[in-house]
Amino acid sequence: MAPAPPQARPVRPGAGPLRRLLPPLGALAVVTAAFAWVGAVDPNQPGHYPVCPLLHLTGLYCPACGGLRSAHAVAHGDLAAALGANALAVAGYAVCAVLWARWCVRAARGRTTAGPRLRPVHAWALAGLLLVFTVVRNLPCGTALAP
């Protein structure tokens, strides 16, 4: 028997909109600080960040390879370079931005702020997407996806 899904935490009814927005704004502050760091410390210069272990040991690109360079390009407003470094990461940034905006709207309206309820099919689809992306970017025909 599968366990019951976690229940959404109700927002305190007496909390004002600003208080309800503190968690999403705190998350935004953390993400902004991370992007500011990556924007300031260039991952294109060797020695600033650790090397991808999979790339180092096998010469194969993992799904995250180029993610820091992509974040650096996004921080500098260069969407073309970001897509060239890791298109899947850019798509992930966009999805996270949409989910964050949804979180803000729900919090401001006093609604429950639980995240999206992912079913096993969603996890399998994401795993399949990552696998296909990884395989294609390592094939000769997928050089456009390689960082």
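**Pockets and helix packing**

Analyst: The largest pocket holds about 540 Å³ of space, a volume being the space filled by probe spheres set on the grid points, joined across faces, edges and corners. The model is predicted: local features need pLDDT of at least 70, side-chain atom pairs count only at pLDDT 80 or more, and totals for chains, interfaces and linings use all residues. Residues are numbered from 1 along each chain as its sequence is written, and side-chain values use heavy atoms, with hydrogens and water left out.

User: Which residues lie nearest the centre of the largest pocket?

Analyst: They are Val31, Tyr93, Cys96, Ala97 and Trp100, out of 19 lining residues. H5 gives the most to this lining, with nine residues.

User: Why is H2 called roughly antiparallel to H5?

Analyst: The axes of H2 (residues 22-40) and H5 (residues 79-108) come within 9 Å and cross at roughly 155°. Angles over 145 degrees count as roughly antiparallel, so H2 is roughly antiparallel to H5. The contact (heavy atoms within 4.5 Å) includes Pro23, Leu28 and Phe35 of H2 and Tyr93, Trp100 and Trp103 of H5.

User: What is the volume of the second largest pocket?

Analyst: About 400 Å³. Its lining has 13 nonpolar, six polar and one charged residues.

Notes. Axes are lines fitted to C-alpha atoms, for helices over the stretch in contact, and angles run from 0 to 180 degrees between N-to-C directions. Helices (H or I, at least four residues) and strands (E, at least two) are DSSP runs, numbered from the N terminus. Angles under 35 degrees count as roughly parallel, over 145 as roughly antiparallel, 65 to 115 as roughly perpendicular and the rest as oblique. On a 1 Å grid over the protein atoms alone, a cavity is a set of points where a 1.4 Å probe fits but cannot get out, and a pocket is an open set with protein on both sides within 12 Å along at least five of seven lines; lining residues have an atom within 4 Å of a point. Ala, Val, Leu, Ile, Met, Phe, Trp, Tyr, Cys and Pro count as nonpolar, Asp, Glu, Lys and Arg as charged, and the others, Gly among them, as polar.
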